[in-house]
Amino acid sequence: MGVPALGATAGLSPRQKAAVIVRLVLAEGGDIDLARLPPELQTELAQEMALMGVIDRETRNAIVSEFCDRLEAISLSFPGDIDGTLNLLDGHLSPDTTDELRRLAALNGAGDPWDSIAAIAPGLLAELARTEAIEIAAVMFSKLPVPRAAEVFGLLEKERARQIAYAMSLTGGIGTEALRRIGRALIQAAAAVPQPPLEGKAGEKVGAILNFSPSGMRDSVLAGLDDDDAVFAGEVRKTIFTWAHIPRRIDARDIPRIMREVDNPVLLKALAGARGPSRETVDFLLGGISPRLAESMREEMEGLGKVSTRDAEEAMDQVVITIRRMEAAGDLFLIAQEPEEEEAETESPPG
């Protein structure tokens, strides 16, 4: 039947007083997020509320008054755990420091290890999925946020991915403490994986730099690399995207959007100044818009007169930079080159 009516706060425990406050807030239609409490406190609160009976008005008012007095006496409060503290300091600590603190807290049992695991680079998570037991990898994927899990899944070999997908159907009965132990073990395993001091392949880095370099500088560097290391020069060329690549690597349906992103004077100068093999790109771009607009642009190009080689190259570089910026932002996707095209460009670099 519950606890009989109580007439004074002296007979109530702190847990019972907390239950009264929660019940009052809910009765008034307030929004209280009890899920932020530790699971054990949520359980104790629910059990306490289940045992409570009737509280008279005088007792209720006394509890509320005591609660308000305590709130007014508090000047500052701290989160009380490392996860809450790092959330409070978000934006004020470097990402490396935040990750290291989360990792140490998780290893010491003071934080949720799965928050730290979700922040691990996809490549390293994929390596853990390959080297750990199938069952452990399945637990990891079950706990990762779906977008990150999908990203890491795409890095795995098909057979390994299939085995993990099946094992995930068997992870439903794992308890909270077991999940924490698995999480801490994965963090230790991640820390033990040797990491290269520099990320990415050298060829990709050099290619990315040359993509945003003037064409004269790019051609000079590539010619020098051909003399120094032809194999490395070939790797660099595979990552480069220039004006000459546009007809082969741009979807014609994206041409109108690209032209809108480029300043019209720059675009006209690039189109008017293109010579020799570069004219293929001009025909490709003008062929992707309406005939009336293409004719109008040809008339404007003729009105510019002769464009110097330097001005034309600078304008073409600006068009390429715009395309790379759109690709980086996810506004368009470049068409992948076929292996035979890559080999041809390695043997005969684009102009």
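**Helix packing and nonpolar cores in the predicted model**

Phenylalanine 153 is placed in helix H9. The model described here is predicted. Leaving aside neighbours within four places in sequence, phenylalanine 153 is in contact with Phe141, Ala161, Ile164 and Ala165. Its relative accessible area is 30%. That value lies between the 20% limit for buried and the 50% limit for exposed, so phenylalanine 153 counts as partly exposed. Phenylalanine 153 and proline 122 are 31 residues apart in sequence. In space, C-alpha to C-alpha, they are 9.1 Å apart.

The count of aromatic pairs comes to one. Its members are phenylalanine 141 and phenylalanine 153, with ring centres 5.2 Å apart and planes at 85°. An angle over 60 degrees counts as edge-to-face, so this pair is edge-to-face. Phenylalanine 141 lies in helix H8 and phenylalanine 153 in helix H9 (residues 146–153). The pair therefore ties together parts that are twelve residues apart in sequence. Phenylalanine 141 has a relative accessibility of 4%, so it counts as buried.

Helix H8 also packs against helix H7. Two packed helices are described by the angle between their axes and the distance between the axes. The axes of helix H7 (residues 122–131) and helix H8 (residues 134–143) come within 7 Å. They cross at roughly 145°. On the H7 side, the contact is made by Leu125, Leu128 and Ala129. On the H8 side, Ala137, Met140 and Phe141 meet them. The residues of this contact divide into six nonpolar, no polar and no charged.

Helix H10 (residues 158–167) comes next. Its residues Arg160, Ala161, Ile164 and Ala167 are buried. They cover an arc of only 125° around the axis, which puts them on the same side of H10. Lys158 and Tyr166 are exposed, on the other side of the helix. The buried residues of H10 pack against H7, H8 and H9.

Attention now turns to the nonpolar cores. In soluble globular proteins, nonpolar side chains tend to be buried together. The largest nonpolar core in this model has 31 residues. Trp243, Ile246, Ile250, Leu271, Leu286 and Ile323 have the most contacts inside it. Two or more residues each come from helix H16 (255–261), helix H17 (264–273), helix H18 (279–286), helix H19 (291–304) and helix H20 (309–328). H20 gives the most, with seven residues. Isoleucine 323 is in contact with Phe241, Ile246, Ile250, Ile258, Leu332 and Leu334, leaving aside its neighbours within four places in sequence. Another core, of 28 residues, lies apart from the largest one. Its residues include Ala137, Ala149, Leu186 and Ile187.

In H17, the buried residues are Leu267, Leu268, Ala270, Leu271 and Gly273. These residues pack against H16, H18, H19 and H20. One of them, Leu271, is listed with the residues that have the most contacts inside the largest core.

Over the whole protein, there are 21 helices and zero strands. Of its 351 residues, 32% count as buried. Among contacts between residues at least 6 apart in sequence, 75% join residues at least 24 apart.

Definitions and conventions: Residues are numbered from 1 along each chain as its sequence is written. This is a predicted model: local features need pLDDT of at least 70, side-chain atom pairs count only at pLDDT 80 or more; totals for chains, interfaces and linings use all residues. Side-chain values use heavy atoms; hydrogens and water are left out. Axes are lines fitted to C-alpha atoms, for helices over the stretch in contact, and angles run from 0 to 180 degrees between N-to-C directions. Helices (H or I, at least four residues) and strands (E, at least two) are DSSP runs, numbered from the N terminus. Contact means heavy atoms within 4.5 Å. Ala, Val, Leu, Ile, Met, Phe, Trp, Tyr, Cys and Pro count as nonpolar, Asp, Glu, Lys and Arg as charged, and the others, Gly among them, as polar. Rings of Phe, Tyr and Trp (its six-membered ring) pair if their centres lie within 6.5 Å; planes under 30 degrees apart count as stacked, over 60 as edge-to-face and the rest as tilted. Buried means under 20% relative accessible area, exposed over 50%, partly exposed in between (1.4 Å probe, protein chains only). The arc is that of the directions from the helix axis to the C-beta atoms. A nonpolar core is a set of buried Ala, Val, Leu, Ile, Met, Phe, Trp, Tyr and Cys residues joined through side-chain atoms within 4.5 Å.
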